[in-house]
Amino acid sequence: MKAQGAAEAGGAPQVAVIGFASQIRHVSDGSSDAELLAPVIDRALAASGLSRSDIGVVCTASSEFGSGIVGSVMEVFDVLPCWPPVTHSHLEGEGAFALYEAWVRLLAGEADAALVCAYSRPLASDLSALLALQLDPYLVAPLAPRSHQLAALQARALVDSGRYTERDFATVVSARRAGLTLDAALAQPYVASPLRGPDCSTTACAGTAAIVLAADASASRAAGRPAWIAGMDHRVETGAFGARDLTRSASIEEAGARLELRGAEIDVLEVHAPYSHQELIVADAIGGRIGALNPSRGVLPADPLGVSGLIRIGAAASAVSRGGALRAVAHATNGPCLQQNLLCLLERDRRGRLRAGG
Amino acid sequence: MSEPEGRGEHSMSARVRTKYTYEPGLTLSRFLRALGERRVEGGRCPGCAKVYVPPRVRCPACGAGPMTPVPVGDRGTIVSYTVVHVPVAGSPTKPPFAWAWIRLDGADVTFPHLLGGVPVEDIVVGQKVRAVWAPDDQLAPSWESILHFVPVPP
């Protein structure tokens, strides 16, 4: 629990992902968030080799706006390693952003190990109607554009730019969705042109994920090979759609530049793209020499909103810990048309120098 | 919804309406279903053996779980209480009335519930109480299947 890593190293500690587990459900069996989360936390802790009492910081993320239960985090307290009391922080939003906070807390020397959890229940309400309520209440929300429709405006701008075609979108779809050929994807009807049904991620009924982070000393005690976080960057862009060039991602370009990714070797890139065309925008904005893109198949086949980004970090870390990757990058997004973005750089070798973001 | 104050040329009102499906979970659903059959079912922690009413998904004290369902009676003890003197809008109970912390026989934790059948000035800590169940046609998988607790003679 006590933060010793920084003192031993004589400087800022470096932090690694040492445990990850997740679960996605397409049909409910009646389990609550706490019931779904408990075994996932157990698996992540078991993979890390740490015990509940080693955890000094807990950061959780969910959407109470999405689940409709105000204060629903109270329900999951029992399954978190929160007793005796530890620092706990809850975020209304994407789990990857909660991981960013846990990372900063460990860098600051608050503790040696942290647990990050995200859980969501995107089908508790009419999700696309709910998301429309979060838009600008004066100029956008009264027209009630659904998330698919806003994404389609972005995809249309990308086609109009001449860089990509609907066939390119279908190529992404056929690579991510098992058993769907490129021609079969192109034969699907439009949801909002140029996007067809398979271009839009399949919303999952429920999702949970847990990641264990540890600073130097604790990370070296990990059961498996640590995936060192060499840098992380999280940025948000304006909510005024017309003020952005939707065919590119200024926030990812900036994040990637700070993490020195442009032109760099990236063995595995895990992209959080709820729409096929967004995978192209994200990969272009990073601009690395990418070995494998979304070997986990990304979020198109199963998308638990609010957990999907944290799962990308877990998948990228697993590629380093258990696969052959020397360097992996995870991307997480939230908001309409890739409004806010996070990049997490994970490496097999511990560096002395952090490529930290903003 | 009432109109916001100060509505005029510099404000607007927008109605936000949405519908949610809640799932109380397998542990709580089992507890609620038992209440609908006039039974109280706690949960015993596999780690520290404490009996929780209502049962929890994991033990809040030691983290062990899942809990083993154990039947407990509908009788218990007043551990502490408060008398409410000020009426609150929306409350179905008229003051003065009492909330009590009640520990059921066989349970290790308390829960708050209403006291009835006793003048508030006669309530005593340590008094034995029993649940008054809703009539058959009002029984449901709900905490409200117990209307209140009343003292039982020693």
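Which residues in α5(A) meet which residues in α13(A)? In this predicted model, local features need pLDDT of at least 70, side-chain atom pairs count only at pLDDT 80 or more, and totals for chains, interfaces and linings use all residues. Side-chain values use heavy atoms, with hydrogens and water left out.

Gly95(A), Ala96(A) and Leu99(A) in α5(A) meet Gly309(A), Leu310(A) and Ile313(A) in α13(A), contact being heavy atoms within 4.5 Å. The residues of this contact comprise 4 nonpolar, 2 polar and no charged; Gly counts as polar, and Ala, Leu and Ile count as nonpolar. The axes of the two helices come within 6 Å and cross at roughly 60°. The axes are lines fitted to C-alpha atoms over the stretch in contact, with angles from 0 to 180 degrees between N-to-C directions.

| Helix (DSSP run of H or I, at least four residues) | Residues |
|---|---|
| α5(A) | 95-107 |
| α13(A) | 308-321 |

The largest nonpolar core has 40 residues, of which Leu213(A), Ile229(A) and Leu346(A) touch the most other members. α5(A) gives the most to this core, with 8 residues. Such a core joins buried residues through side-chain atoms within 4.5 Å, buried being under 20% relative accessible area (1.4 Å probe, protein chains only).

Between the chains, 19 residues of chain B are in contact with 27 residues of chain A. The buried area is about 1800 Å², of which carbon and sulfur atoms give 52%; this is the accessible area (1.4 Å probe) lost on being put together, summed over both parts. Tyr20(B), Glu23(B) and Arg58(B) supply 35% of the area that chain B buries against chain A.

How values were computed
Residues numbered from 1 in each chain as written. Chains lettered and ligands numbered in written order. Buried < 20%, exposed > 50% of the residue type's maximum accessible area, 1.4 Å probe, protein only. Buried area = accessible area lost by both parts, 1.4 Å probe.
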